[in-house]
Amino acid sequence: MTKLRQWWQDINASYWFLPALFSVLALFLALGTIYLDRIGWSERLTDLPQIIPARPEGASNMLTVIAGSMIGTAATVFSITIAAVAYASGNYGPRLLTNFMEDRGNQFSLAIFISTFVYAITVLRSVRAEDEAAASIEDAVATSLPGFVPQLSLLVAYALMGLSVAVLVFFLNHIPASIRINTVLKDIGARLIAKVKDRFPDKDSGIEPENRPEGIPIRAHGTGYIQIIDYDALDQIAGDRDCHIVMAVRTGDFVHNEMIIAYWADESDEDAEEECPDGEVRDCFALGSRRTPGQDLQFLIDELVEIGLRALSPGINDPFTAITALHWLGAATAELGGRDLRIRVNGHDDPHEDRVVTLDDDFSHYVRRGFGSIRSGVATNRIAALAMFDALLNARGSLKNESREKILRDEGELLVRQAREHLLGPELETVEARYARFDHAFS
């Protein structure tokens, strides 16, 4: 099941799946409409006064034009998409490549053009001119006209051509909109907040992650980033054997051969080492060559940080992009601050009843991962520093825990200390004044 989920995640981030699926559907659609035409639908359509029946030469020309234009448009669309992806990854960071590869708008556009091409080519081969001989006796009997023109199939091809034109207009608007920096940050930030709500559904209980027991180490037999952990399967393995599986890694961590990924904790069995199903446990971990945002919450935080740091680099010097990244970091931090950050596998009220003991991160970890990582760049720019103080202060609104409030306050203190190393004169005075109001608000 873990490998299946990894495979599904990989095809979602590919450009081949939807075009291949739509092409197969277009092939069957073409065969179906041709069959309907052969059993009499062509004659029925020619009897309708609203429809002017096409002749063989006109039908062939129409289908040839549709097929040729669709494959040319598909090539152009693919070239534009690759150019947009190269621009975005070069300016915003290579880790954003996955976001654009998963864009359903781009995948759907390419799939429509390819499937229309497949449909037109399939129907074209069934058109027979009036002076052509029938391919078989059944073919001659099935069609009363000297030639064969699949009128229904032509109407469907015409409809697909209209749909393709509409999709082309959508695509030409979608591409520049999707690489706009505010849109990129909004997509990442909204996805991060949604994953926080899904990963930590409970409100903050004031209880931080506890110390975890240890047991027999289970080591990795592979190298790569952990893309998926099947917690349900781990819970079933532990439940069947009445023991605990203690996680030593989280999704997004890099592991290699013989690195400990979990512990098998079974205090009641003296032969626990022999009974440890290390192979079954390892099968619940899917490794890959890259990090993915599927289960990796910190991957999305890192994307916001990377965009912010690139924007504040001397070569780009775009503090307003960094400010937008800080705003989304602040919103995600506020969401994290109001929630219980213990991962619950099976929803037990008592965490000690959980068979899978996850590697939980506290609120301080997420603040350091976000604001702490971007702080070095923010401290060099007065505008960004002021925005970060505001983001930290606004994130405090959802906190009911004094220890978490102190973490945000300490982060603000670290920022002003680092700003004193980089800013001078009026810029430093402005930052000091904002920090004074920031510190007073927390007091």
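A search of the whole structure finds 14 salt bridges. A salt bridge here is a side-chain nitrogen of Lys or Arg within 4 Å of a carboxyl oxygen of Asp or Glu. This is a predicted model: local features need pLDDT of at least 70, side-chain atom pairs count only at pLDDT 80 or more, and totals for chains, interfaces and linings use all residues. Residues are numbered from 1 along each chain as its sequence is written, and side-chain values use heavy atoms, without hydrogens or water.

**Stop 1: Arg250.** Select Arg250 and Asp361. Their side chains form a salt bridge, 2.6 Å from N to O. The pair joins distant parts of the chain, 111 residues apart: Asp361 is in the loop between β7 (356–357) and α14, Arg250 in the loop between β3 (244–247) and β4 (254–255). Helices (H or I, at least four residues) and strands (E, at least two) are DSSP runs, numbered from the N terminus. Arg250 is buried at 19% relative accessible area; Asp361 is buried at 10%. Buried means under 20%, exposed over 50%, partly exposed in between (1.4 Å probe, protein chains only).

**Stop 2: helix α16.** Go to residues 402–419. Lys406 and Asp410 are 4 residues apart in this helix, about one helical turn. Their side chains meet in a salt bridge (2.9 Å, N to O). Lys406 is exposed at 51%, and Asp410 is partly exposed at 29%.

**Stop 3: aromatic rings.** The structure holds 9 aromatic pairs. Rings of Phe, Tyr and Trp (its six-membered ring) pair if their centres lie within 6.5 Å; planes under 30 degrees apart are stacked, over 60 edge-to-face, the rest tilted. Select Phe200 and Tyr366: this pair is edge-to-face, 6.4 Å centre to centre, with 75 degrees between the planes. Both residues are buried.

Next, pick Phe389 and Tyr435. Their centres are 5.9 Å apart and their planes at 45 degrees, so the pair is tilted. Then show Arg396. Its charged end sits over the ring of Phe442, 4.9 Å from the centre. That calls for NZ of Lys or CZ of Arg within 6 Å of the ring centre and within 35 degrees of the ring normal.

**Last stop: helix α3.** Select residues 56–92. This helix has 37 residues and reaches 53 Å from its first C-alpha to its last, close to the 54 Å expected at 1.5 Å a residue. The expected span is 1.5 Å times one less than the number of residues. Gly93 follows α3, with a positive phi near 125 degrees.
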